[in-house]
Amino acid sequence: MPFSENTFLIVLIMVNLVAGFSFAVPLANRFREITARQSRFLKFYVLMLGLYFVEGVAFGAGMCTQVFTIGLSFVWGPIFGLRLKGLAPQKTIIKQVLIISLYGCIPTVSFAVLIAAFWVISGNGLLNVEQAYKFGIPDFVPFPLNTILGFCVALAAGTIILKTAFAAGITSLIVRRD
């Protein structure tokens, strides 16, 4: 049973709404602990929702590629590094930025997982090169990346690895600098 684009978009939006609102709660609590400001939960919660919204818009603006989402790691790293420097131990700050980076990867990862899930439910093969070519994956891409499964894994893994590495690396440079 093939699915329409509208069905996919509705499921994608619902998944991201649930993920964005639910994962913002523990992140806001961690920010409250790090900054030792007990009355600021709502402020940190709204901050996390705003960050998630910007990540979602960046993913869409990059036409469902990692270009802008990875670029945002060059923004979040310095912002959180400078803002949290001196408020907590270096290790705690870097760990928080890693978690924030993973939180920012959820729009990209959810897209990749849902593409693969809808692809299988529609009766297509995850490793079928011809179907992937018809989907829009270029012919010059080497196997297994020229399949839907390879595309989705590369999209998700590339975002997670690069985004966390850049954001945590920049933050660690800022936090460790005197």
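The model is predicted, so local features need pLDDT of at least 70 and side-chain atom pairs count only at pLDDT 80 or more, while totals for chains, interfaces and linings use all residues. Residues are numbered from 1 along each chain as its sequence is written, and side-chain values use heavy atoms, with hydrogens and water left out.

The chain holds six helices and zero strands. Helices (H or I, at least four residues) and strands (E, at least two) are DSSP runs, numbered from the N terminus. Along the sequence the pattern reads α-α-α-α-α-α. The C-alpha trace spans about 55 × 30 × 20 Å along its principal axes. The chain has 178 residues, of which 40% count as buried. Buried means under 20% relative accessible area, exposed means over 50%, and partly exposed lies in between (1.4 Å probe, protein chains only). Contact means heavy atoms within 4.5 Å. Among contacts between residues at least 6 apart in sequence, 69% join residues at least 24 apart.

Helix 1 covers residues 5-35 and helix 2 covers residues 41-61. Their axes come within 8 Å and cross at roughly 135°. Helix 1 is therefore oblique to helix 2. Axes are lines fitted to C-alpha atoms, for helices over the stretch in contact, and angles run from 0 to 180 degrees between N-to-C directions. Angles under 35 degrees count as roughly parallel, over 145 as roughly antiparallel, 65 to 115 as roughly perpendicular, and the rest as oblique. The crossing of helix 1 past helix 2 is right-handed. In a right-handed crossing the near helix is turned clockwise from the far one by less than a right angle, and in a left-handed one anticlockwise. On the helix 1 side, the contact is made by residues including N16, A19, G20 and F21. On the helix 2 side, F41, F44, Y45, M48, L49 and Y52 take part. The residues of this contact divide into 13 nonpolar, four polar and one charged. Ala, Val, Leu, Ile, Met, Phe, Trp, Tyr, Cys and Pro count as nonpolar, Asp, Glu, Lys and Arg as charged, and the others, Gly among them, as polar.

Helix 3 (residues 67-84) comes next. Helix 3 has 18 residues and reaches 26 Å from its first C-alpha to its last, close to the 26 Å expected at 1.5 Å a residue. The expected span is 1.5 Å times one less than the number of residues. The buried residues of helix 3 are T69, I70, L72, S73, W76, G77, F80, G81 and L84. They pack against helix 1, helix 2, helix 4 (90-121) and helix 6 (148-176). G86 follows helix 3 and has a positive phi, near 85°.

T69 counts as buried because its relative accessibility is 1%. Leaving aside neighbours within four places in sequence, T69 is in contact with E55, A58, F59, T108, T159 and K163. P78 also lies in helix 3. P78 is partly exposed, with a relative accessible area of 23%. The C-alpha atoms of P78 and Y45 are separated by 20 Å, and the two residues are 33 apart along the chain.

S101 belongs to helix 4. At 4% relative accessibility, S101 counts as buried. Not counting residues up to four places away in sequence, S101 touches K163, T164 and A167.
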